[in-house]
Amino acid sequence: MTRRHPSRFRPALPRARRVLPPPDFIGMSDEQRESLQQSLDQLPSPLDPLDVSILDGYLCGVLLQPQPVPQAQWLPFVFDIEARPLPPGLDVSHLCHLVVWRHQELNHRIIARQWFDPWVFELQDADDEVEAVFPWVAGFSLALTLFPALLKRASGPQAPAIIEPLALLYRYLDPDDLEDAEDILAEIETLDPPTDLAEAVEDLVQGTLLLADATRPLAVC
């Protein structure tokens, strides 16, 4: 996979109410994102870390849980998909700093119901450009598998508010991976297929912010 700059599409925001983000928060630069990927790549075998696109979706899935997930629970899966312990003496302070920075950046965007740039990268030699969003959605799905509180709400009173935005995201997974999610599959069947990568990226942001309306509602002033 060849990584390029993340997509910079700016479609209209979902219908969630918008508020301003903290004025002093600084988002990550492209150079810092590349440093994050390099730090992940340098983790020693047998660790199997997430790459930055999978990580980005994973962090969104963590942040959308109805109750905050402690850092000590979600962070080990960044270093290794099986959360195996790090080798003694391995210094991951710089890596932790960058991961937590992105976590905070996404959190601010979700709280503000503002557009964010998912870390989605164009793929070379792909049959369909929309395939580029698959790693991001795979990371999101990983978070919901490890921390299932959000998915549990898909079978309760909040089901419509959960299933509809989940369908925007899970439409990019293999249907065979959703065989136990009949309601989500049925909702996916009602959606028109995305026409290009820009529309697919819009689905990621829209689905994330609409889920936030259900699991992290804004306080009514």
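I started with Asp56 and looked up its burial: with a relative accessible area of 0%, Asp56 is buried (buried is under 20% relative accessible area, exposed over 50%, and partly exposed in between, with a 1.4 Å probe and protein chains only). A note on what I am reading: this is a predicted model, where local features need pLDDT of at least 70, side-chain atom pairs count only at pLDDT 80 or more, and totals for chains, interfaces and linings use all residues. Residues are numbered from 1 along each chain as its sequence is written, and side-chain values use heavy atoms, with hydrogens and water left out.

**Entry 1: salt bridges**

Which residue does Asp56 form a salt bridge with? I found Arg102, and the closest N and O atoms are 2.6 Å apart (a salt bridge is a side-chain nitrogen of Lys or Arg within 4 Å of a carboxyl oxygen of Asp or Glu). This pair links distant parts of the chain, with Asp56 in helix 2 (residues 52-63) and Arg102 in helix 5 (residues 93-112), 46 residues apart. Helices here are DSSP runs of H or I with at least four residues, numbered from the N terminus. Arg102 is buried, with a relative accessible area of 3%.

I then followed Arg102 to an aromatic ring. Arg102 lies over the face of Trp119, at 4.2 Å from the ring centre. For a charge to sit over a ring, NZ of Lys or CZ of Arg must be within 6 Å of the ring centre and within 35 degrees of the ring normal.

My next stop was Asp203, which forms a salt bridge with Arg171, the closest N and O atoms being 2.9 Å apart. This one links distant parts of the chain too: Asp203 is in helix 10 (residues 197-215), and Arg171 is in the loop between helix 8 (159-170) and helix 9 (182-189), 32 residues apart. Asp203 and Arg171 are both buried.

I also checked Arg84 and Glu82, a salt bridge with its closest N and O atoms 3.9 Å apart. Are these residues buried or exposed? Arg84 is partly exposed, at a relative accessible area of 30%, and Glu82 is exposed, at 55%.

One more group went into my notes: a network of salt bridges links Asp30, Arg33 and Glu34. By the rule above, I count eight salt bridges.

**Entry 2: Gln37**

I found Gln37 in helix 1 (residues 30-41). Gln37 counts as buried, at 4% relative accessibility. What lies 2.9 Å from a polar atom of its side chain? I traced that to the backbone nitrogen of Val52.

**Entry 3: aromatic pairs**

I describe a pair of aromatic rings by the distance of the centres and the angle of the planes. Rings of Phe, Tyr and Trp (its six-membered ring) pair if their centres lie within 6.5 Å; planes under 30 degrees apart count as stacked, over 60 as edge-to-face, and the rest as tilted.

My search of the whole structure gave three aromatic pairs. In one of them, the rings of Trp136 and Phe140 have centres 6.0 Å apart and planes at 10°, so this pair is stacked. Both residues lie in helix 6 (residues 134-146), four residues apart, about one turn of the helix. Trp136 and Phe140 are buried.

Phe140 also pairs with Tyr170, edge-to-face, at 6.4 Å centre to centre and 80° between the planes. Phe140 lies in helix 6 and Tyr170 in helix 8, so this pair ties together parts that are 30 residues apart in sequence. Tyr170 is buried, as is Phe140. I logged Trp136, Phe140 and Tyr170 as one aromatic cluster.

How values were computed: Helices (H or I, at least four residues) and strands (E, at least two) are DSSP runs, numbered from the N terminus. A polar contact is a pair of N or O atoms within 3.5 Å; within protein, one must be able to donate a hydrogen and the other to accept it, and residues adjacent in sequence count only if both atoms are side-chain atoms.
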